[in-house]
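The following exercises concern the structure shown below.

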Amino acid sequence: EGTPFPEVKLDELPDSAKVEMVFPVEVMKYTLEGDRIKKAGSTGETKAPAEVEGANADVTPYLQEQWDAGKGGFGAIYSMLGKPLPEAPAEEAAAAPAEEPAADAAPAAE
């Protein structure tokens, strides 16, 4: 209680969720200032673990489908566990601040 996430009990898990969850690897961009991280954030891209040094497993297919559909993160996890999170109301999503483009990003086409 007290969190926005639903309780998930082991005995309520669907059989399809009783697997090792392997997530897509999110591509991150870091801005350093001296020896410290000044800014960090996801670029919105993912890579297969085979493309990442040290990764050694295939992405769980359901999770990859969710990331490809733009529904990654906690929403994908809880959906796989049989407790989908509610969608954000349209007016709330529209009011969310837009992400700031990276300083070295190409200008948007007009």
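**Exercise 1: The fold as a whole**

Task: Determine what share of the contacts in the protein between residues at least 6 apart in sequence join residues at least 24 apart.

Solution. Contact means heavy atoms within 4.5 Å. Among contacts between residues at least 6 apart in sequence, 49% join residues at least 24 apart. The model is a predicted one, in which local features need pLDDT of at least 70 and side-chain atom pairs count only at pLDDT 80 or more, while totals for chains, interfaces and linings use all residues. Residues are numbered from 1 along each chain as its sequence is written, and side-chain values use heavy atoms, with hydrogens and water left out.

Next, consider the elements. Helices (H or I, at least four residues) and strands (E, at least two) are DSSP runs, numbered from the N terminus. The protein has three helices and two strands, and along the sequence these follow the pattern β-β-α-α-α.

Finally, consider burial. A residue is buried under 20% relative accessible area, exposed over 50% and partly exposed in between (1.4 Å probe, protein chains only). Of the 110 residues, 14% count as buried.

**Exercise 2: Aromatic pairs**

Task: State how many aromatic pairs the whole structure contains, and describe two of them.

Solution. Rings of Phe, Tyr and Trp (its six-membered ring) pair if their centres lie within 6.5 Å; planes under 30 degrees apart count as stacked, over 60 as edge-to-face and the rest as tilted. The search finds three pairs. One of them joins Phe 5 and Phe 74, tilted, at 4.9 Å centre to centre with 45° between the planes. Phe 5 lies in the segment before β1 and Phe 74 in helix α2, so this pair ties together parts 69 residues apart in sequence. Phe 5 is partly exposed at 32% relative accessibility, and Phe 74 is exposed at 52%.

Another pair, Phe 23 with Trp 67, is edge-to-face, at 5.8 Å centre to centre and 70° between the planes. Phe 23 lies in the segment before β1 and Trp 67 in helix α1, so parts 44 residues apart in sequence are tied together. Trp 67 is buried, at 15% relative accessibility.
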